[in-house]
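This report covers strand pairing and helix packing in one structure. The sequence and the structure are shown first.

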Amino acid sequence: MARPVHTLRVEAGSGAHGAVSATTAHLSPGLLTLARWRLLAMHRAANVGHLGGNLSALDAMMLVHHEFLSEQDRFVLSKGHAAGALYVTLWSRGLISDTELGSFHADGTRLPGHPPARGLPTNRFGTGSLGHGLSLSAGLALAAKLQRRTNRVFCMTSDGEWQEGSTFEALIFCTHRRLSNLTILIDHNRLQGFGATAEVASLDPIGRVLCGFDVEIREADGHDLADMRRALSPGSSRPVAVILHTVKGHGVPAIEGRMDSHYLPLTEEQHREAVLGDAFAAEMAQ
């Protein structure tokens with residue numbers, strides 16, 4: 001059976017590749033569903049894993065890029081294994097073509113399993129190893145402050161990488177320099193490569209750990225657009241850490257909340273059931 005290919009339709013004012021332009025003012029649930037379908041199709045075609053952490057981060061990544069990220073702002077994907085979600089997000093803004101998404105994970109692609117250091121729109125750093133993204137984001141935020149620019153820097157981290165000492169060293173620097181233009185997103189899906197974060201090296205509740213630093217802590221449902229909009233609003237005099245309560249494998253019942261979604265690819269049947277279930281739910285909501 002041929003795999004369905006889902007693309008965004010070309011609308012008036014859309015981007016160069018038939019996706020929504022970078023000037024989109026509001027992220028709709030429908031667009032988010034289409035992005036999830038494209039992410040599933042892309043991973044299924046490449047037959048690769050890491051889908052669970054991509055799905056837990058996708059909603060927040062889409063919201064930041066469509067509603068908060070201006071041309072002057074910067075986004076750093078510290079949890080580099082969620083590269084697929086980043087590529088689909090850029091595709092939804094017309095910055096990557098649908099044809100190029102088909103090269104995901106292929107030889108010679110500029111869309112490998114972790115973001116490359118060069119050649120990708122808006123992406124400045126390769127982030128294959130965890131624990132480096134916050135330091136890089138701190139450098140961008142400090143540079144903006146020294147140059148008296150008002151742009152924001154967003155850094156998407158995993159909850160597992162907060163077990164890395166380098167992440168806390170970066171946080172010390174961020175709070176010492178009062179980088180109020182920095183927003184740290186924590187994809188708190190409570191699962192990592194070798195088990196639950198509570199079992200590997202518990203920081204739960206992570207907000208209690210971070211409250212010892214001079215950082216403004218906010219929490220939100222990482223799959224609720226309205227709740228995330230509130231949490232991502234600007235206006236703090238300190239760095240902001242947004243704890244996003246998410247579900248690994250969100251939107252795909254066969255892998256939701258499962259550790260093995262960190263590694264295993266979807267089967268053809270799981271992919272089909274996820275897309276058909278989404279389509280049925282959308283139809284019933286109308």
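## Sheet and helix packing

E1 and strand E2 (residues 153-158) run parallel and are joined by four bridges. Within this pair, Arg74 stands opposite Val153 in E2. Two strands count as paired if DSSP finds at least two bridges between them. The model is predicted: local features need pLDDT of at least 70, side-chain atom pairs count only at pLDDT 80 or more, and totals for chains, interfaces and linings use all residues. Residues are numbered from 1 along each chain as its sequence is written, and side-chain values use heavy atoms, leaving out hydrogens and water.

The open sheet has five strands in the order E1-E2-E3-E7-E6, with parallel pairing. Its edge strands, E1 and E6, each pair on one side only. From one strand to the next, the twist averages 20°. Strands (E, at least two residues) and helices (H or I, at least four) are DSSP runs numbered from the N terminus.

| Edge strand | Residues |
|---|---|
| E1 | 74-77 |
| E6 | 216-221 |

Helix H9 (residues 225-232) lies across E3, E6 and E7, and runs at about 170° to E6. Angles go from 0 to 180 degrees between N-to-C directions of axes fitted to C-alpha atoms, for helices over the stretch in contact.

The axes of helix H5 (residues 133-146) and helix H6 (residues 165-176) come within 8 Å and cross at roughly 20°. H5 and H6 are therefore roughly parallel to each other (angles under 35 degrees). Leu134, Ser135, Ala138 and Leu142 in H5 meet residues of H6 including Phe173 and Cys174 (contact means heavy atoms within 4.5 Å).

How values were computed
Parallel < 35°, antiparallel > 145°, perpendicular 65-115°, else oblique.
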